[in-house]
Amino acid sequence: MLKKVFFGVLWLGFITYAFVFAPPDQPDTLELIQKLVGGEWEGINPLVISLFNIMGIWPIIYSAVLFIDGRGQKIPAWPFATAAFALGAFALLPYLALREPNQAFSGKKNLWLKLLDSRITGLILTIGAVIFVAYGVQGDWGNFVQQWQTSRFIHVMSLDFCLLSLLFPTLLGDDMARREQKNQQLFWLIAFIPLFGPLIYLSVRSPSDPKESPLLA
């Protein structure tokens, strides 16, 4: 019960901060988003480009856990996982508040679940993240800090990244239990490494069904 209250309060607090206390919207925000989505990256700080694309990787990371977790919940996971592609933690926090502990998987996996459960998916996501991080570190950090202080879009997107990094361990324990992985050292390694901890986990985790191939689970 305390967890549900915590996630509910955190969700309301994040919404309040984003729309009341974060820096104001900038006139060129919509144009910037359109350029980022359309791949028109010339003149945009590589750090912003990298962060924006990594925020597209995070929802897939969560989907790889949520869709299987949702099989044992009273509420479906797919609306929250889908909305996370646009809303990030704003969409995921209500699910975390409403879900129940679920350390078992029952039934058969369809093609979509097999794809999300595959180590190959984890490896592809890891390669993508490495590319974007390597690209981003070439950016102008001073300019990024300035944008973080003056642009609601950049500010909230950065906080969203941090929140998604902090929230993943709340689902990790149940997912490891479903796969009969009881390595606490692995849990804390994943929990304390932002982004790449979860990616490493998706790339090495055991199948949710022990009879299936670890690569195409």
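Residues are termed buried when their relative accessible area is under 20%, exposed when it is over 50%, and partly exposed in between (1.4 Å probe, protein chains only). The structure is a predicted model, in which local features need pLDDT of at least 70 and side-chain atom pairs count only at pLDDT 80 or more, whereas totals for chains, interfaces and linings use all residues. Numbering starts from 1 along each chain as its sequence is written, and side-chain values use heavy atoms, with hydrogens and water left out.

Helices are DSSP runs (H or I, at least four residues), numbered from the N terminus. Helix α5 (89-98) is largely enclosed by the rest of the structure, because 9 of its 10 residues are buried. The buried residues are A89, F90, A91, L92, L93, P94, Y95, L96 and A97. They pack, with contact meaning heavy atoms within 4.5 Å, against α1, α3, α4, α9 and α10 (169-178).

Helix α4 (residues 78-87) has F80, A81 and A84 buried. These residues lie on the same side of α4, because they cover an arc of only 100° around the axis, the arc being that of the directions from the helix axis to the C-beta atoms. The elements covering them include α3 (46-69) and α5. On the face of α4 turned away from the buried side, W78 and A86 are exposed. Just after α4, G88 adopts a positive phi of about 60°.

The largest nonpolar core comprises 60 residues; such a core is a set of buried Ala, Val, Leu, Ile, Met, Phe, Trp, Tyr and Cys residues joined through side-chain atoms within 4.5 Å. Helix α3 gives the most to this core, with 16 residues. W58, I61 and Y62 have the most contacts inside the core. Residues up to four places away in sequence not being counted, Y62 touches L92, L164, L167, F168 and L171.

A pocket is defined on a 1 Å grid over the protein atoms alone, as an open set of points where a 1.4 Å probe fits, with protein on both sides within 12 Å along at least five of seven lines; lining residues have an atom within 4 Å of a point. The largest pocket has a volume of about 570 Å³, the volume being the space filled by probe spheres set on the points. Of its 18 lining residues, A86, L87, F153, M157 and D160 lie nearest the centre. Helices α1 (2-21), α3, α4 and α9 (152-167) each supply at least two lining residues, and the largest share, 5 residues, comes from α9.
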